[in-house]
Amino acid sequence: AWLRHQAGGFKDQDGFEREVVRHVETTLARSLYNCDESAAYSATALAFRDRLILEWNRTQQRQTFADSKRVYYLSLEFLMGRALDNAMLNVGQKDLAKAGLSDLGFRIEDVIQQEHDAALGNGGLGRLAACFLDSLASLNYPAWGYGLRYRYGIFKQEIIDGYQVEVPDYWLDFNPWEFPRHDVTVDIQFYGNVEKKTNDAGKTVCHWEAGETVKAVAYDVPIPGYATPTTNNLRLWSSKAASGEFDFQKFNSGDYESSVADQQRAETISAVLYPNDNLDRGKELRLKQQYFWVAASLYDIVRRFKKTNRSWKEFPEQVAIQLNDTHPTLAIVELQRILIDLEGLEWDEAWNIVVNTFGYTNHTVLPEALEKWSVPLIQHLLPRHLQIIYDINLYFLQTVERQFPDDREILRDVSIIEESQPKMIRMAFLAIVGSHKVNGVAELHSDLIKTTIFKDFVRIFGPDKFTNVTNGITPRRWLHQANPRLSELIASKTGGHGFLTDLTALNKLELHVNDKAFRKEWAEIKYANKVRLAKHIKATTGVTVNPAALFDVQVKRIHEYKRQQMNIFGAIHRYLALKAMTPEERQKQLPRVSIFGGKAAPGYWMAKQIIHLINSVGAVVNNDKEIGDLLKVVFLEDYNVSKAEMIIPASDISEHISTAGTEASGTSNMKFVLNGGLIIGTCDGANIEITREIDESNIFLFGHLSEEVEELRHTHLYGEHVVDPKLAAVFAEIEKGTFGNPQDFAGMVSAVREHGDYYLVSDDFSSYVDSHAAVDEAYRDQEGWVTKCITSVARMGFFSSDRCINEYAEEIWNVEPLKVEA
Ligand code: 26V
């Protein structure tokens, strides 16, 4: 398979160079003499793209011909990052390209850096979808992703005077990885009203007379598998006025303004990614995005199914649709509508098909993130869908009533319609009722949803409907691409690059843990990665950091539950401790660099305050002559996928310190350990399974357990609540004005001290500080540290997204890989 695949690639370096030159001179219409790095990137991307297209077409033909079940992954976010490096590595021709580009006068690293990240996601949920696409293709599953082609991805973050400033991310200027399919369009309807009609067969049917139509245009992105010809498809929908450019009738009659307004209203639907993560604000445009994308995708899926001329009852044998969180839940309602209103099926038969088609993944238990849509809004935008939701709820509640005849409360508790003012549709409940499987993303999380937010549904449907699929990450991007030297070193000790397709092969590393030369090279690679990050820090923040210091990294979305505030309070505590020491004592301390990165949702005031404090502490600490290299605090602006690829391999210790029970899984924890960093963390999300795999001697765990959280919160509010004395000293320093105007940080302090400390920062602070002391202690023993790192990497095989995707395929989708003939 691999050979045939390579045959689809460039024959040799010369062939590659000729293609690059051809693209520079013809596609880009430039001369070789004014070919800069940006043009070199464009031409290289186009050259590889040409190769991908051929395999992509072959894959689609093969999958259509095989006529077997396909997976459709519906996600509002795909955080893909850059594509060129990935494409070169997956087809096994990066070395050839490197030599070819060098011959043309370019360094491949510089060329790769020219690419703009495809940043169509907020954080973990979107990046998970991207890792899943990589695994689906690499494992040869017939699978499509469906999403939205946002004109603006997640905003670009600038730090100005210590504050976050959001800048729009217009990323489509030159995107060689997408193919517009102007012939693949779907008309999507909104608003209007519903009438009952009698059809030809004399049956009463509902007819939705819509008030607005918007066109969905498909843009396809090839997803190459690693070391396989399989190249799957990611289809992103873009919105456009249904009448084309603009309404010519209005235009001709002189009504220019409204014809342009119609066009703009249509294009607004796919204009921008909502930058909230874990916060639902119930905006009409967001609901329009969801329906637009869901309806276009389902139309496409149904169209493909109909070409096979099968009977409807075979639909779930041909189609598995996975809902990435509740964002695509309307797909359940839309499929039911298609089947009963347009295809004339009876309710029960249709509903059976629907339930057997869908699976739902929950990604959060935070109440503020659980989606609800107001009934009046759905009534207005999607009147027919509201009727169907009411019917789904009616039939569901009838079965619950039969099951629990004496329990009045359960009906209210599980109703899809919340009886509030206004009434709200609980999307997670609708997703559960309309799916055959519901899964959480790490063991603790899957247990929590069964015992808390969804406990009544476990009584109703039984425990087998609920399952766990622990998240994973693709080792291709997060080891091979991000850390090429480590990948080579591992290959040299494990018998080649087989670990990239079977990550459990990493366990062979344990045999070499005492091999002196191997350990030395291991440490050198980490050091080189830290030097590279130190250069980036210098170039972007002006701060000089010592690569020999311990690099302590927390990069992720800024959120109170992730507790960056605890981390910066910890850094202040360390600063105060250093200041209190004699110069002799100070000399014995271990130098540390506290590195932060991450975006705050634009309207999340507390998260922005946290960023401001981090920068303000940095401004003081980094310029304190007494402290020197012993402590640096830096905030890296605009954390994204490509920055992650540089930052993660350079970490010694990374922080995964959410309040127990709040982080569904976390996936960067896996990336850090896979790259030979250790982690400090709470007993939360996938940290727990990482601990089980690598052994608790290789991780720094601290803090209260999820079982204790409820009682602690209760005590804060109704019992006595004393702030931890070390934390109180930190607050006193902030209030003295050491880090600027204390008013600027009053919200962060009072959240802990006056407002019930919901995230238990004070409760966990002293064990957090102790745990950091243990990190310092362990790091002083460099030999012991390297042993821990190597041992941990050797035991990380479980966390490949390949394992994760195989679990989905077997337990939820019932699909098999499509064998690719050599
Ligand atoms: C929710 C909402 C609410 C409406 C506005 C926009 C928006 C955007 C995203 C979300 C999803 C929040 C859930 C989420 O991102 N969960 C994360 O999923 C990761 C992959 O499973 C997991 O590792 C993280 O722990 C979890 O926080």
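This is a predicted model: local features need pLDDT of at least 70, side-chain atom pairs count only at pLDDT 80 or more; totals for chains, interfaces and linings use all residues.

Colleague: How much space lies in the largest pocket?

Modeller: About 1,300 Å³. On a 1 Å grid over the protein atoms alone, a pocket is an open set of points with protein on both sides within 12 Å along at least five of seven lines, a cavity is a set where a 1.4 Å probe fits but cannot get out, and lining residues have an atom within 4 Å of a point. Points are joined across faces, edges and corners, and a volume is the space filled by probe spheres set on them.

Colleague: Which residues lie closest to the centre of that pocket?

Modeller: Asp85, Glu109, Ile112, Gln113 and Arg532, out of 44 lining residues. Elements giving two or more residues to the lining include helix 4 (84–90), helix 6 (108–113) and helix 22 (516–541). Helices here are DSSP runs of H or I with at least four residues, strands are runs of E with at least two, and both are numbered from the N terminus.

Colleague: And how does the pocket lining divide by class?

Modeller: Into 12 nonpolar, 12 polar and 20 charged residues. Nonpolar is Ala, Val, Leu, Ile, Met, Phe, Trp, Tyr, Cys and Pro, charged is Asp, Glu, Lys and Arg, and the others, Gly among them, are polar.

Colleague: What about cavities: how many of 30 Å³ or more?

Modeller: Six. The largest cavity has a volume of about 980 Å³, and 49 residues line it, with Asn122, Gly123, Gly124, Leu125 and Asp277 nearest its centre. The largest share of that lining, three residues, comes from helix 7. By class the lining has 15 nonpolar, 19 polar and 15 charged residues.

Colleague: Switching topic: at what angle do helix 12 and helix 15 cross?

Modeller: Roughly 95 degrees, and the axes of helix 12 (residues 330–342) and helix 15 (residues 383–403) come within 10 Å. Axes are lines fitted to C-alpha atoms over the stretch in contact, with angles from 0 to 180 degrees between N-to-C directions. That makes the two helices roughly perpendicular, a label for 65 to 115 degrees.

Colleague: Which residues meet there?

Modeller: On the helix 12 side they include Val333, Arg337 and Ile340, and on the helix 15 side Arg384 and Ile388 are among them. Contact means heavy atoms within 4.5 Å.

Colleague: Now strands. In what order do the three strands of the open sheet run?

Modeller: 14-16-15, with antiparallel pairing. Two strands pair if DSSP finds at least two bridges between them. Strand 14 and strand 16 (residues 424–426) have three bridges, and lysine 372 has arginine 426 as its bridge partner.

Colleague: Where does proline 422 lie?

Modeller: In the loop between strand 15 and strand 16. A cis peptide bond joins glutamine 421 to proline 422, with omega about 0 degrees. Most peptide bonds are trans.

Colleague: What is phi of asparagine 309 near?

Modeller: Near 55 degrees, which is positive in a residue other than glycine. Asparagine 309 is in the loop between helix 10 (284–306) and helix 11 (315–318).

Key. Residues are numbered from 1 along each chain as its sequence is written. Side-chain values use heavy atoms; hydrogens and water are left out. Angles under 35 degrees count as roughly parallel, over 145 as roughly antiparallel, 65 to 115 as roughly perpendicular and the rest as oblique.
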